[in-house]
Amino acid sequence: MGFLIFLGLVALFVIILISKGVRIIQQAEVTIVERLGRYHKTLESGINIIVPIIDKPREIEWRYTRTDPAGRTVYISSRTSKIDMRETLYDFPKQNVITKDNVTMEINALVYFQIIDPVKATYEIGNLPDAIQKITQTTLRNVIGELDLDETLTSRDTINGKLRIILDDATNKWGVKINRVELQDIVPPRDIQDAMEKQMRAERERRAAILNAEAQKKSSILEAEGERESQINKAEGDKRSNILRAEGEAEARIKKAEGDATARIRTAQAEAEAIRLVTEAISKSSNPGNYLIAVRYIEAMKEMVSGKDNKVIYLPYEATGILGSLSGIKELFGNEPKKP
C-alpha cells in the first residue's frame, strides 16, 4: 500500500514537472525565460521545454482595451508572461492641451506600436503601457504648444508625423516600433466652436453668393450673345433681302431700258422709213413748199393750244392759207405711188 502511494506521488510529480516544463507558445507571441533570476532565453511560437523550478517565465505589465455593454472603453491591466508581437493599438483617454495662442482643447490620440525586441521591452522599461501613454501625452502637449489653434485644426497630418517620429525615437530603446499616430478627436472650447460655426456659415454664404453672381453673370452673357446673334442674323437677312431687291430692281431697270431702247429703235426705224417716204414724195411733188408750210403751221397750232387749263380758242386768220397747205399735203400723199 505504501509503495503504491509512493508510485502515485512520483507519477504526480512527473506530471507536474511535465506540465511546468512544456510550454506551448502561440503564433506571434514570445515568452522571456529566466534561469535563477537571470535572462536565459526567449521562447518562440510552438512547443518549448524548460527546466521547472530553475527556469521561470518573466511576467510583464500589459494593458488591454475592451468595450463594455454600455459602449464605453474599458482599460484592463494585467501581468502576463506572453508578449504579443503583433501590432497593438492604444487608445488613450482625452487630455487637455494648450495651443500657442493659449486656447485649451481636448485631444485623444491613437498609437499603433509593435514590440520588435521582447528582451528590451521586458528589461529596459518597467511598465511599457504606462510609459508609452505618458510619453505620448507629454509629446502631444509639446507639439500642440508650438502651434496655434488654426494650425492645430488644419495640420493633423503634420502633427501625426511629428508625434510618430518623436515617439519612435524615444521608444526605440524599449524595443518598440511606433508605426502610426492618429489624432482621433480635437475638441476646442464651446465658445471657439460657436465662433468656428459662424465663420463656416459666413464662408458658405459667401461662396453661395459668389456662385449666384457667377451664374447671373453667365446668364447675362449668354442672353447678350443670343441677342447679338439674333441681331446679326436679322441684319444679314435684311442685307440679303436688300441685295436681292436691288438686284431685282436693277434687272427690272435693265429690262425696261432694253425695252425702251428697242422701242426707240423701232420708233426711229419707223420715223426713218416715214422720212424716207416723205423725202421720196417731196422729191416727186411739184410744190413741196406747201407741205413744209402746212407741217410747220400745224406744229405751231399744237404748241399754242397745249396746256391743261388753256381755254383760249385760236382761229386762223387766213383759213384759205391753211386749206391751201392741207391741199398741198393731200397732193403730196396723193402723188405717192400705190403699192401693188
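Author: A salt bridge here is a side-chain nitrogen of Lys or Arg within 4 Å of a carboxyl oxygen of Asp or Glu. This is a predicted model, in which local features need pLDDT of at least 70 and side-chain atom pairs count only at pLDDT 80 or more, while totals for chains, interfaces and linings use all residues. Residues are numbered from 1 along each chain as its sequence is written, and side-chain values use heavy atoms, with hydrogens and water left out.

Reader: Where in the chain do Asp55 and Arg35 lie?

Author: Asp55 is in strand β5 (residues 55–57) and Arg35 in strand β2 (residues 29–35), so the pair, 20 residues apart, links distant parts of the chain. Strands (E, at least two residues) and helices (H or I, at least four) are DSSP runs, numbered from the N terminus.

Reader: Is Asp55 buried or exposed?

Author: Asp55 counts as buried, at 5% relative accessibility, whereas Arg35 is partly exposed at 32%. Buried means under 20% relative accessible area, exposed over 50%, and partly exposed in between, with a 1.4 Å probe and protein chains only.

Reader: How many salt bridges does the structure hold?

Author: The structure holds 17 salt bridges. Among them, Arg190 pairs with Asp194, their closest N and O atoms being 3.2 Å apart. Both residues lie in helix α6 (residues 190–284), four residues apart, or about one turn of the helix. Glu59, Glu61 and Arg79 are linked in a network of salt bridges.

Reader: What does Lys177 pair with?

Author: Lys177 forms a salt bridge with Asp168, with 3.3 Å between the closest N and O atoms. Lys177 is partly exposed, with a relative accessible area of 32%, and Asp168 is buried at 17%.

Reader: Turning to helix α5, which of its residues are buried?

Author: Asp168 is one of them; the others are Ile159, Asn160, Leu163, Leu167 and Thr171. Seen down the axis of α5, the buried residues fall within an arc of 150° (taken from the directions from the helix axis to the C-beta atoms), so they line one face of the helix. On the other side, Asp157, Ile165 and Asp169 are exposed.

Reader: What do the buried residues of α5 pack against?

Author: They pack against α3 (128–145), α4 (149–154) and β12 (176–187), where contact means heavy atoms within 4.5 Å.
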